[in-house]
Amino acid sequence: MAKETKHKRSWYRLDNAALIFPASLRKNWSNAFRISFSFTDPVDPDILQEAAEALRTRFPSVFVRLERSMFWYYLQEVDETPKVREDTYQPLIRMDRAGIKKCAIRILYYRERMAVEVFHSVTDGTGAMVFAKNLAAEYVRRRYHVNVPNECGLKDLSQPPTAEELEDSFQKYAGPVSAPRDDLNVFRYKGTPEDVPFLHVTCGVMDAEAVHQKAKSMGVTITAFLTALLIECLLDMQAEKVRKRHKRKMVRVQIPVNLRQLYGSETMRNFVAVANIGVDPRMGDYTFEELTKIVHHQMQLSITAKNMSAIFTPNVVSERNPLIRIVPLFLKNIIMRMVFDAVGENVSCLSISNLGNVQLPKEMAPFVTRAEFVLGPQSTSPYNCSATSVNGRMFFNIVRNSVEPELERRVFTKLVKMGLHVKIESNGGPVQRPLVEKLPFDEEK
């Protein structure tokens with residue numbers, strides 16, 4: 001087992017994607033997400049704490065707090081491993097500035113579930129999954145006395161992180177050309193806000209291979225299949241609200257793209273750009289088959305190394321601008337907040353982030369029952385979606401902070417009508433503790 005050793009605490013400049021997140025914090029929203037693993041037995045918090053301590057020197061860029069200087073925010077390694085805590089009545093309780101200044105991640109447990117919640121300035125979903133999987137593996141080693149090998153993305157905890165794991169890959173791979181910004185004329189669904197802040201999580205549990213075969217039968221990937229499904233539901237939702245076709249707006253879904261696969265990067269920090277995929281409803285009605293083809297071809301055109309570089313290069317160019325670098329932080333915050341509110345998330349209706357199949361060593365797999373990814377909602381729109389698969393099951397999470405379960409009702413009903421068996425799980429409502437309930441469209445097929 002790896003033992004924690006004393007070392008000099010490091011600090012890290014925020015990577016290019018991370019710069020906007022501290023400035024965009026607001027009273028009832030923080031850009032954070034959760035990755036969780038569930039085990040065959042209740043979590044032992046003492047062993048989980050030991051596992052976290054074993055990881056701290058191997059993942060120094062994750063065990064950090066947010067600090068500020070006169071000109072920039074930066075991440076500083078924490079002095080002590082954060083204490084694991086029992087989970088709260090809902091996921092992703094807002095991370096405020098005071099909390100992030102102590103530690104920008106949380107390690108939580110509830111019954112059989114271990115969860116890691118991450119402020120987005122630390123890393124993206126892929127980086128957080130690497131960390132959470134290593135934490136789960138170390139927990140399994142200690143809890144079940146199993147020799148889990150360092151494969152399937154698991155790191156050797158006795159070795160220090162590589163320079164590549166700590167780099168800002170945006171700076172390394174920025175290109176010479178900047179892509180134009182996407183049109184902002186996008187449909188934005190507005191639900192009824194809850195009386196008290198609450199994040200509803202509805203999870204559709206499906207057979208991963210059945211979903212794969214359904215997507216394959218249409219000639220697309222699972223991500224493209226789910227994106228087309230979301231676009232179809234959003235088109236229906238807008239059509240019910242806006243009867244006159246010529247007044248309808250673009251329906252566009254944002255797909256975060258893991259850039260490590262395109263550039264061969266090994267960074268543990270943020271390295272993601274987005275592809276905004278969608279259709280114009282003013283052109284007429286679309287069949288689902290048409291939508292899958294449109295999404296597939298738009299993704300093929302958008303998700304290339306050259307195109308992704310052109311998308312994130314403008315932000316890198318701005319960061320390197322010597323005039324911007326000397327602007328005091330309080331003015332940078334005002335400017336970045338204005339940019340985020342004006343552009344930020346307004347180029348799409350919502351996001352769908354699919355971390356794909358979580359591969360585990362065969363020695364570890366029998367002790368893991370599920371792995372989930374929960375992406376928080378957008379700041380000004382109630383929905384976001386995320387997916388993972390592990391041990392043959394897919395977990396498709398739809399989160400919202402509004403009252404009406406409008407999108408999830410449509411999405412899971414359509415999946416059932418396609419012949420897929422969907423088990424629906426929900427965390428209830430604002431006055432309830434976590435529970436699992438059966439919804440009307442949880443039909444046996």
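The largest cavity has a volume of about 30 Å³, and a search of the whole structure finds 1 cavity of 30 Å³ or more. A cavity here is a set of points, on a 1 Å grid over the protein atoms alone, where a 1.4 Å probe fits but cannot get out; its volume is the space filled by probe spheres set on the points, which are joined across faces, edges and corners.

This is a predicted model, in which local features need pLDDT of at least 70 and side-chain atom pairs count only at pLDDT 80 or more, while totals for chains, interfaces and linings use all residues. Residues are numbered from 1 along each chain as its sequence is written, and side-chain values use heavy atoms, without hydrogens and water.

**Cavity lining.** Select R58, F59, P60, S61, P161, E165, L166 and M268, which line the largest cavity. Lining residues have an atom within 4 Å of a point. By class they are 5 nonpolar, 1 polar and 2 charged; Ala, Val, Leu, Ile, Met, Phe, Trp, Tyr, Cys and Pro count as nonpolar, Asp, Glu, Lys and Arg as charged, and the others, Gly among them, as polar.

Next, select β1 (11-13), β3 (64-68) and β4 (73-77). Strands are DSSP runs of E with at least two residues, helices runs of H or I with at least four, both numbered from the N terminus; two strands pair if DSSP finds at least two bridges between them. The open sheet has the order β1-β4-β3 with antiparallel pairing. β1 and β3 are at its edges with a single partner strand each, so one side of each has no neighbour in the sheet. The twist averages 30° from one strand to the next. Between β1 and β4 there are 3 bridges, and W11 stands opposite Q76 in β4.

**The sheet of 7 strands.** Move to the open sheet ordered β10-β9-β11-β13-β14-β8-β15, whose pairing is mixed. Its edges are β10 (272-279) and β15 (423-426); each has a single partner strand, so one side of each lacks a neighbour in the sheet. Zoom in on β8 (200-207), which pairs with β15 in the antiparallel sense over 4 bridges. The bridge partner of V205 in β15 is K423.

Axes are lines fitted to C-alpha atoms, for helices over the stretch in contact (heavy atoms within 4.5 Å), and angles run from 0 to 180 degrees between N-to-C directions.

**Confidence.** Finally, colour by pLDDT, the predictor's confidence in each residue, from 0 to 100. The chain mean is 90, and 94% of its residues reach 70 or more. Over residues 432-445 the pLDDT is below 50.

Technical notes:
1 Å grid on protein atoms, 1.4 Å probe; cavity = no way out; pocket = protein on both sides within 12 Å on 5 of 7 lines; lining within 4 Å.
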